[in-house]
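Subject: Structure handover and findings

Hello,

Here is the structure you will be working with. My notes on it follow below.

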Amino acid sequence: RRGRQVFATAKLPASLVVVPDDVVDQYLLAVAGHDGGQAFHLRWTTVRVVCANTLTAAMSGRADYQYTVRHVGDLQAQLSEARRALGTAARYFEAAGQTYKALAAAELDAKGLMAFLKGFLPFPSSDVASSEAAAAERERILGARRTVAELFEAGVGTEIPGVRGTAWGAFNAATEWIDRVRTAKKDGTLRKNGAEAAVLGVGQELRDRAMASALTLIN
């Protein structure tokens, strides 16, 4: 964006081991805008080492993993509050680790995978037969579901024992589709703003929906 927005990531010292050989690192992401229109964000995220997907899945709401500072008011007081907010990062990563391990322990059969896909990529609430646009949207969603199902079987990381065939594998298939397939052209290159989508979490609503759907499989 021609310098209007900048970001930096800092790798934190600890890691999460979901299953043996599947390590999730912990990162702090800082995003700032220089046009006066964007607040300063601190976000704690997890990045899966083997596929570099940014996983900023909300466990119980965005406030649990992001702190925002507006460019107004007492900046020193806001920065002091931000330091206190960083204390929640440890609690977030603890909750994330417990959640990921629970997902990895939940095996999925074909019925379970279909339940996940329906929750993650639901059909429009309107009557799909009411218009050509609605019918086209239904076909688009069916195609996306088929792609996620293929990634569930043979996506990045599925060769790691304990990933394929689990709710954890389903969640990772969804995030791979969100960040690597949905944002890519037919030749494999990222679409315009695709890199921003992967790094800054523009597809966060989809990630949240994927996590919520996965959690229904273990709750």
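In which strand is H41 found? H41 is found in strand β3, residues 40-48. Helices (H or I, at least four residues) and strands (E, at least two) are DSSP runs, numbered from the N terminus.

First, the ground rules. This is a predicted model, so local features need pLDDT of at least 70 and side-chain atom pairs count only at pLDDT 80 or more, while totals for chains, interfaces and linings use all residues. Residues are numbered from 1 along each chain as its sequence is written, and side-chain values use heavy atoms, with hydrogens and water left out.

Overall picture

The protein chain has six helices and five strands. From the N terminus on, the order is β-β-β-β-β-α-α-α-α-α-α. Of its 219 residues, 45% are buried. Buried means under 20% relative accessible area, exposed over 50%, and partly exposed in between (1.4 Å probe, protein chains only). Contacts are heavy atoms within 4.5 Å. Among contacts with a separation of 6 or more, 62% are between residues 24 or more positions apart.

The strands

Back to H41. It counts as buried because its relative accessibility is 19%.

D21 sits in the loop between β1 and β2. It is not a glycine, yet its phi is positive, about 75 degrees. Most residues other than glycine have a negative phi. With a relative accessible area of 63%, D21 is exposed.

Salt bridges

Side chains of opposite charge can pair when their charged atoms come close. The cut-off here is a side-chain nitrogen of Lys or Arg within 4 Å of a carboxyl oxygen of Asp or Glu. The count by that rule is three.

- D25 and K11 pair at 3.9 Å, N to O. They link distant parts of the chain: D25 is in strand β2 (residues 22-33) and K11 is in strand β1 (residues 5-19), 14 residues apart. D25 counts as buried, at 10% relative accessibility.
- E137 and R140 pair at 2.7 Å, N to O. Both lie in helix α3, three residues apart, about one turn of the helix. E137 is partly exposed at 28% relative accessibility. R140 is also partly exposed, at 46%.
- D179 and R207 pair at 2.4 Å, N to O. D179 lies in helix α4 and R207 in helix α6 (residues 204-216), so this pair ties together parts that are 28 residues apart in sequence. Both residues are buried.

Does the length of α3 agree or disagree with its residue count? It agrees: helix α3 (residues 132-154) has 23 residues, should span 33 Å at 1.5 Å a residue, and has its end C-alpha atoms 33 Å apart. The expected span is 1.5 Å times one less than the number of residues. The buried residues of α3 are A134, I141, A144, R145, V148, L151 and F152. They pack against α2 (110-120) and α4 (167-181).

Helix α4 has 15 residues and reaches 20 Å from its first C-alpha to its last, close to the 21 Å expected. It is largely enclosed by the rest of the structure, because 13 of its 15 residues are buried.

T158 lies in the loop between α3 and α4. At 7% relative accessibility, T158 counts as buried. Leaving aside neighbours within four places in sequence, T158 is in contact with L151, F152, E153, V163 and R164.

The cavity

A cavity is a set of points, on a 1 Å grid over the protein atoms alone, where a 1.4 Å probe fits but cannot get out; lining residues have an atom within 4 Å of a point. Grid points are joined across faces, edges and corners, and a volume is the space filled by probe spheres set on the points.

How many cavities of 30 Å³ or more are there? The count comes to one. The largest cavity has a volume of about 30 Å³. Ten residues line it, and the closest to its centre are V156, T158, G169, N172 and A173. Helix α4 gives the most to the lining, with four residues. By class, the lining has four nonpolar, four polar and two charged residues. Ala, Val, Leu, Ile, Met, Phe, Trp, Tyr, Cys and Pro count as nonpolar, Asp, Glu, Lys and Arg as charged, and the others, Gly among them, as polar.

Best regards

Terms used:
1 Å grid on protein atoms, 1.4 Å probe; cavity = no way out; pocket = protein on both sides within 12 Å on 5 of 7 lines; lining within 4 Å.
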